[in-house]
Amino acid sequence: MNAQTKTSSAPTPSSNADFKNFVPYKPKRGEEYMSEGQREHFRNILRNWKAELMQEVDRTVTHMKDEAANFPDPADRATQEEEFSLELRTRDRERKLIKKIDATIERINQDDYGFCDACGVDIGIKRLEARPTATLCIDCKTLDEIKEKQEKG
Ligand SMILES: [Zn+2]
């Protein structure tokens, strides 16, 4: 049993790379859902988001290389290793996210983006701007979460 008592004693690795710095899309009157303009809009959001995540990953690697071996004291080293492993888990999540972003861009290219995987309705620009990798409409997502909770207990 190792007591996992680390919630936030160590500074949380900065994983604030996100995609929030974009101008919300304003469809023209009568513009079709997932028009070329909209697809381009989301492609840009996803690309920028990915670029930020990749920078974040790079920064960590450099940071870890710089800091490694700077602590002769084993206790300090243990703390550092703990921080590193926390950071590595974050990077792992980010790498998965990058894969998901790639897959999402691919869907845009194949004209298969923006529609619910479960029921086929439009996911909606607003929801996609909040969650560009969403593959379910809000209703199906909610249902999904309810089911998940029920299965867990
Ligand atoms: Zn749906």
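A: A residue counts as buried if 20 or more other C-beta atoms lie within 10 Å of its own. Gly114 is therefore buried, because 22 other C-beta atoms lie within 10 Å. This is a predicted model.

Start with the position. Gly114 sits in the loop between helix 2 (74-109) and helix 3. Leaving aside residues up to four places away in sequence, Gly114 touches Tyr33, Met34, Asp122, Ile123 and Leu128. Take Leu128, one of these contacts. Leu128 is 14 residues from Gly114 along the chain, and their C-alpha atoms are separated by 7.3 Å.

Now the core. Ile123 and Leu128 both belong to the largest nonpolar core, which has twelve residues. Phe19, Trp49, Ile101 and Tyr113 are among the other members. Helix 1 (residues 36-67) gives the most to this core, with five residues. Domain 1 (32-113) and domain 2 (114-153) both contribute residues, so the core lies between them.

Leu136 is also a core member. Beyond four places in sequence, Leu136 touches Cys116, Asp117, Ala118, Lys141 and Asp144.

Last, confidence. The mean pLDDT of the protein is 85, and 86% of its residues reach 70 or more. Over residues 1-15, pLDDT stays under 50. The model has eleven contacts beyond four places in sequence for that stretch. Where pLDDT is low, the predicted coordinates should not be read in detail.

Key: Residues are numbered from 1 along each chain as its sequence is written. This is a predicted model: local features need pLDDT of at least 70, side-chain atom pairs count only at pLDDT 80 or more; totals for chains, interfaces and linings use all residues. A nonpolar core is a set of buried Ala, Val, Leu, Ile, Met, Phe, Trp, Tyr and Cys residues joined through C-beta atoms within 7 Å. Helices (H or I, at least four residues) and strands (E, at least two) are DSSP runs, numbered from the N terminus. Domain bounds come from an automatic or database domain assignment. Two residues are in contact if their C-beta atoms, placed from the backbone, lie within 7 Å. pLDDT is the predictor's confidence in each residue, from 0 to 100.
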